Amino acid sequence: MKRVVGVIAGVATLVAGLVGPEGVAAGSDRSGHWGPPQRPLEWKQCPPETKSASGGLLGLGSARPIRPIRPARRSARREPVQECAELRVPLDYREPYGQQITLALNRIKGTASRDGNHLGALLVNPGGPGGEGLSLARYVAARLPKDVAARFDIIGFAPRGVAPSQPAISCVDPARFYAPPRPDNVPRNDAEEQVLAGRARQYAEGCGNRWAWFLPYLTTENSARDMDAVRAALGEEKISYLGYSYGTYLGAVYATLFPQRVRRLVLDSVVDPDGVWYEANIAQDHSFDRRHRDFLAWVAEHDDVYKLGATQAAVSFAWYSMRSRLHDRPAGGVVGPSELDDVYSNGAYSDRLWPYLGAAFSSYVRNGDPSVLVKLFHLEAEIDAEEENSYAVYLGVECRDAAWPRSWDRWRADTRRAHTEAPFMAWPNAVYNAPCAFWPEKGGTPVKVGTSHLPPVLLIQAERDAATPYEGALRMRRLFPTARLLTSGGGNHGVSLAGNACVDRQLAAYLRDAALLPQRRGKRGADATCPGEPEPRAALMKVAAGAPGTASHASAVR
């Protein structure tokens, strides 16, 4: 997951020193915004999109231990009309009249009467860190019930560092650095481990060489202050917020700093605020492994289709055998074991991908055909310039938000220990985050999340979520006493507005009227529970060439 508060070197007391008991920055203007007075935003027609924001079969984006929620497809119901604007904000909120950076925003205006039913702005964030949010605003506007969407101006924004905001950072040439097949994420010996550590150091040095002036200020806390700058520029006394994944942490930090500015707060797929960030990634090793075993068990249940074994143990043996073989013989010369990790970690985010993963698995193992696996890699896990920008911001925020171990011996010991119980993700997750061991800016002190001075808060969580384990939602609820927890079965990451009618009814009721679940603390600590979506139908799926996000990608073999 992506993480927290970037504190400028030597300013670990920024929050305590500048934020009063009401969460308003000392020295801020009368609106509570820290910085120069904001000019009204100039809304214009949005520029043409250069790339679909919903890449891949299901719009899942590329694999990462925690990644932004990306809408599966644009709703067939309606295409919302959007406007775009730019907002200048301080690079360093301690120097509000100093260097400025630019945030990209979009807006889908609500149609309700401004002096009656209108509820102001609803900011949305898809997570990451590194998710841009503009496409999510369009998606949310299309998926909410019409009467609810009409009551809000839905605002998307690209957080600092994320394109199309400026600057949009990148640390390496993606075509060279990620050229497949990459070195195996799971080292077989000391020499292979040193290659992985060397690549992590190279990435960190690339970021430092290119962005030394920017990295100290790339933090969750500064992004939260950017959100309040957006609020002030919109002319709103209060805002509502819907955040997914890392976006739940960003929302929690905002609510802690500016509780008096919150109207509605929805946190879906909740980050553990006590694990920022090294400990949370180790916890993910185990939750990802559990969810991968769920996939293997599902394949075993459908042995009549995939013919890879009728037990989870048998299918697991086949999967790890396939991974071992790819070390020396990459599929199609492209998909080695690290690329395989990237493709199959997608299945931990959404079981809707399982039929495609099962088909690629079966086709390779039973028929020696790598084509489906290679196509899935290109659609779901290949890293281009957009994904490199997202990854650079992910690391920039997480490495700066909190302290990380600087001793590689510590990383090795912790990863080997986790690998004995969770071999699917332990080393891939460590390699993914390893640049933080060498980051040019030391980690700061996270914001101490939590406040009782909030209106009702809605938390939404899947019980077997891999990226944001369930226990994190329980901890977040304890830190926000006005929160209620709605859980769903299954393990899909990003529950609301994704097809679960029960969850979506609760979300709509809360956004519409602040209707809150009764405090029940029932099964597993939830205040209310919705059933999960049915497991996907097993079928041998074929993946066709085509533009990402289109229906031409997938069809069942009859």
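Mentor: A disulfide is a pair of cysteine sulfur atoms within 2.5 Å. The model discussed here is predicted: local features need pLDDT of at least 70, side-chain atom pairs count only at pLDDT 80 or more, and totals for chains, interfaces and linings use all residues. Residues are numbered from 1 along each chain as its sequence is written, and side-chain values use heavy atoms, with hydrogens and water left out.

Trainee: What makes C399 and C436 a disulfide?

Mentor: Their sulfur atoms are 1.9 Å apart, and the limit is 2.5 Å. The pair therefore counts as a disulfide. By this rule the count comes to 4 disulfides.

Trainee: Why is it said that the pair of C399 and C436 ties together parts of the chain?

Mentor: C399 lies in helix α14 (residues 385–401) and C436 in the loop between α16 (426–433) and β7, so the joined parts are 37 residues apart in sequence. Helices (H or I, at least four residues) and strands (E, at least two) are DSSP runs, numbered from the N terminus.

Trainee: Why is C399 called buried?

Mentor: Buried means under 20% relative accessible area, exposed means over 50%, and partly exposed lies in between (1.4 Å probe, protein chains only). C399 has a relative accessible area of 2%, so the residue is buried. C436, at 1%, is therefore buried as well.

Trainee: Why is the disulfide of C171 and C207 called right-handed?

Mentor: The torsion about the S-S bond of C171 and C207 is about 105°, so this disulfide is right-handed. By contrast, the link of C399 and C436 has -85° about the S-S bond and is left-handed.

Trainee: In what order do the strands of the open sheet lie?

Mentor: The 9 strands follow the order β1-β2-β4-β3-β5-β6-β7-β8-β9, with mixed pairing. Two strands pair if DSSP finds at least two bridges between them.

Trainee: What makes β1 and β9 edge strands?

Mentor: β1 (83–90) and β9 (528–530) each pair on one side only.

Trainee: How do you know that β2 and β4 pair?

Mentor: Strand β2 (residues 100–108) and strand β4 (residues 153–158) share 5 bridges in the antiparallel sense, whereas the rule asks for at least two.

Trainee: Why does L105 count as buried?

Mentor: L105 lies in strand β2. Its relative accessibility is 1%, so L105 counts as buried.
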